[in-house]
Amino acid sequence: MRRVEEYIRVHASEPLDISLLAAVAGVSARSLHSGFSRFLGSTPMNYLRDVRLDHARVELIQTGEPVGTIALRWGFAHAGRFSAEYRQRFGENPAETRRGR
């Protein structure tokens with residue numbers, strides 16, 4: 001699981017899917033899902049989403065780039081979905097984070 005965690009952190013801005021992550025781990029997608037659930041209490045794709053949201057938050061705080069540009073960079077093609085997932089993770093929407101910097 002550590003190998004996949006590291007792979008996700010290094011490649012978070014790239015298109016990743018469960019079959020690629022399973023290949024990185026050298027296990028089946030089902031085994032990867034089970035291992036993540038057991039050791040991290042999360043699914044691989046939820047872990048990826050959280051890593052991407054963390055990166056997006058840093059960029060919202062540190063840069064003046066448009067929210068949409070940052071969202072796209074981190075794999076969120078739909079602005080409304082990005083905002084909803086961001087709000088769920090951080091308790092505020094991306095614009096509030098930007099204003100607070």
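Tutor: Helices (H or I, at least four residues) and strands (E, at least two) are DSSP runs, numbered from the N terminus.

Student: Which elements does the protein have, from the N terminus on?

Tutor: They run α-α-α-α-α-α-α, giving 7 helices and 0 strands. This is a predicted model, in which local features need pLDDT of at least 70 and side-chain atom pairs pLDDT 80 or more, while totals for chains, interfaces and linings use all residues. Residues are numbered from 1 along each chain as its sequence is written, and side-chain values use heavy atoms, without hydrogens and water.

Student: What size of box do the C-alpha atoms fill?

Tutor: Roughly 45 × 20 × 20 Å, along the principal axes.

Student: And which residues have the most contacts inside the largest nonpolar core?

Tutor: Val4, Ile8, Leu32 and Phe82 do, in a core of 22 residues. Helices 1 (2-11), 2 (18-25), 3 (29-40), 4 (44-62), 5 (67-73) and 6 (79-90) each supply at least two of its residues. Helix 4 gives the most, with 6 residues. Such a core joins buried (under 20% relative accessible area, 1.4 Å probe, protein chains only) Ala, Val, Leu, Ile, Met, Phe, Trp, Tyr and Cys residues through side-chain atoms within 4.5 Å.

Student: What does Leu32 touch?

Tutor: Leaving aside residues up to four places away in sequence, Leu32 touches Met1, Val4, Ile18, Leu21, Ala22, Ala25, Val27 and Pro44, with contact meaning heavy atoms within 4.5 Å.

Student: Changing topic, where do helix 1 and helix 4 meet?

Tutor: Glu5, Ile8 and Arg9 in helix 1 meet Pro44, Tyr47, Leu48, Val51 and His55 in helix 4.

Terms used: Buried means under 20% relative accessible area, exposed over 50%, partly exposed in between (1.4 Å probe, protein chains only).
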